[in-house]
Amino acid sequence: MKEATPSDQAQDTLAHHLKRAQAAQQQLTEYKELHERQIKALVECLHHLSINCKGQNLELDNRLAKLRTQLADNPDIDSILPELTNLCRALQNQYQLTQREIGTSQQALQSLARRLGQLAELPDQFQRELYFFQQDVQKPVHTLWEFLPQMTRLVGYYESLLKERMASEEPLAITPRHRQLAHELAQLLSEIDFRNESRDMIAAIKAELAGEISAEQLLEAYQQVLTLLMADIAKEKSASQQFLFALNDALGAVREAVAENWNQSLRNFGHQREFHRQLSTHCMEFGDSVRAATELDQLKSLVANELGTIRELLRKRDEEETREFARLKGSMEKMRKELTALASEASGYKDQLIEQQRLNMLDALTQLPNRAALDERLKREYRNVRRYGNDLWVAVADIDHFKGINDSFGHTTGDKTLQVVAMALKNSLRKGEFVARYGGEEFVLLLPDVSAEQVGQILNRTRERIKAIPFKFRNEKLSITISIGAALVTGNETMQETFERADAALYRAKRKGRDRVEIDS
Ligand SMILES: Nc1nc2c(ncn2[C@@H]2O[C@H](COP(=O)(O)OP(=O)(O)OP(=O)(O)O)[C@@H](O)[C@H]2O)c(=O)[nH]1
């Protein structure tokens with residue numbers, strides 16, 4: 001066997017190294033491919049993760065979007081390392097923030113659960129569940145996913161309780177505001193004058209408003225009153241419409257009759273002219289014939305003939321005139337009837353309007369002038385004060401402890417008391433004086449041309465008179481008293497200012513023990 005030369009040995013070594021180099025090269029290529037696959041998978045994973053994290057906070061969103069762009073452009077980990085470091089910091093901050101938020105929300109859930117537990121008449125089972133929930137909600141949770149079911153649970157409790165409460169149809173609680181509204185509606189009803197057919201219903205609503213009314217009943221009362229008011233307005237509107245239609249028809253008929261008369265007059269005028277023409281032709285012909293006649297007999301016969309013709313003409317004319325007169329009479333009669341019907345319609349409507357106007361100025365319960373009437377009267381009186389310097393006293397009278405009468409004997413008794421007091425006030429007036437129901441149990445008196453001394457005497461007399469009325473409620477004898485505050489109108493103040501002074505005097509009278517008159521000085 002031939003011995004290997006050094007050169008052979010060197011060649012073998014080289015071949016061996018070459019092989020190893022190739023193997024290493026192969027390995028490197030495989031490693032690079034693997035690395036690229038891993039980077040790709042990592043990039044994809046980061047991409048999905050970043051999309052999943054989206055929406056937590058703006059800064060994080062911006063960083064993730066930047067990272068996604070960098071990874072898509074150049075998935076070189078070295079170049080994105082600084083951004084990854086920033087991102088890690090932002091994620092850590094976000095985690096801490098989420099923890100804090102979850103903690104706060106858990107506290108809120110706990111407080112809501114506590115408040116829910118404080119509601120009256122909760123079923124035992126519900127109370128128990130709520131207790132366990134409050135325990136659970138105190139345990140720490142680390143992610144939103146752990147927290148969300150807690151929230152859902154509490155929402156479920158609220159929902160089931162709501163369903164149960166709604167099913168039991170518990171009435172809405174009545175608040176002081178509801179009571180105030182009921183009172184205001186009752187007062188309004190006293191001031192409006194409804195049609196006779198609505199009065200029973202209004203009385204029933206008033207009685208309901210005076211008692212312990214529920215929120216639903218109050219709403220229903222408002223709805224009923226609105227419906228009645230709408231019906232009244234509609235009736236009023238239709239009455240006016242009917243009157244206008246009747247007026248229109250009557251005027252149409254009158255216009256026709258006038259036109260017919262006019263045409264008739266024109267025809268008459270034509271007939272008259274024709275008659276005169278015929279008569280004058282005959283007269284001329286007759287004159288000619290008379291002048292031509294030589295014999296007396298001829299003349300006689302001519303005259304007789306002519307008289308016959310004239311008589312005939314006059315008869316025809318007479319007949320025609322009789323016919324025309326009858327026609328004219330008929331048409332005048334028709335017109336007269338239409339006008340009479342219209343006049344009676346108009347007068348009915350006028351009465352209705354006057355009655356409505358009167359009712360609008362009267363308080364329905366006491367039949368005293370109402371606030372609108374008072375305003376009108378005050379304007380007139382104030383003008384007189386300004387123009388002639390007259391004295392005018394404004395007095396506000398208020399029944400004492402009236403609420404007590406309503407509360408003890410009922411609203412209907414209260415209403416009757418108001419009527420009696422109103423009548424007494426009205427009867428105490430002298431000529432030129434005025435009283436109105438101002439609202440509720442308050443009345444306003446206007447006393448012109450009296451001195452301060454006289455006004456005190458007059459008002460005290462009225463007060464005593466009312467006190468002396470022998471009221472008897474459920475066999476209990478009672479005397480009703482009133483307090484009065486009065487103020488003299490001064491030339492340069494507004495009505496409002498005088499009223500305020502009279503009101504302040506009334507308040508003083510109440511404060512000083514009621515059943516007295518206080519004059520603003
Ligand atoms: N019956 C009835 N009561 C009314 C009417 N208008 C108002 N009221 C009642 O009048 C009462 C007025 O009460 P308050 O303002 O508290 O005064 P008061 O009880 O008269 O007491 P003082 O004025 O302080 O002496 C309320 O209870 C009203 O409901 C009405 O038209 N009819």
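Predicted model: local features only at pLDDT ≥ 70, side-chain atom pairs only at ≥ 80, totals over all residues.
The shell comes to 20 residues, and the closest to the ligand are Ser 190, Phe 402, Lys 403, Gly 414 and Gly 440. Sorted by class, that makes 9 polar, 7 charged and 4 nonpolar residues. Both domain 2 (176–248) and domain 4 (371–519) give residues to this shell, so the ligand sits between them.

Next comes helix α13, residues 452–467. With 16 residues at 1.5 Å each, α13 should span 22 Å, and the 23 Å between its end C-alpha atoms agrees with that. Val 455, Ile 458, Leu 459, Thr 462, Arg 463 and Ile 466 of α13 are buried. These residues cover an arc of only 135° around the axis, which means they lie on the same side of α13. The general rule behind such a pattern is that an α-helix has 3.6 residues a turn, so residues three or four places apart point the same way. The buried residues of α13 pack against β1 and α12, along with β3 (442–448), β6 (482–488) and β7 (517–519). Over on the other side of α13, Glu 453, Gln 457, Arg 461 and Glu 464 are exposed.

Then there is Glu 216, which lies in helix α8 (residues 215–292). Glu 216 has 12 C-beta neighbours inside 10 Å, so it counts as exposed. Glu 216 and Ala 173 are 43 residues apart in sequence, while their C-alpha atoms are 9.7 Å apart in space.

Definitions and conventions. Residues numbered from 1 in each chain as written. Near = placed C-beta within 6 Å. Nonpolar A, V, L, I, M, F, W, Y, C, P; charged D, E, K, R; others polar. Domains from an automatic or database assignment. Helix = DSSP H or I, 4+ residues; strand = E, 2+ residues; numbered from the N terminus. Expected span 1.5 Å × (residues − 1). Buried ≥ 20, exposed ≤ 12 C-beta atoms within 10 Å, placed from the backbone. Arc of directions from axis to C-beta. Contact = placed C-beta atoms within 7 Å.
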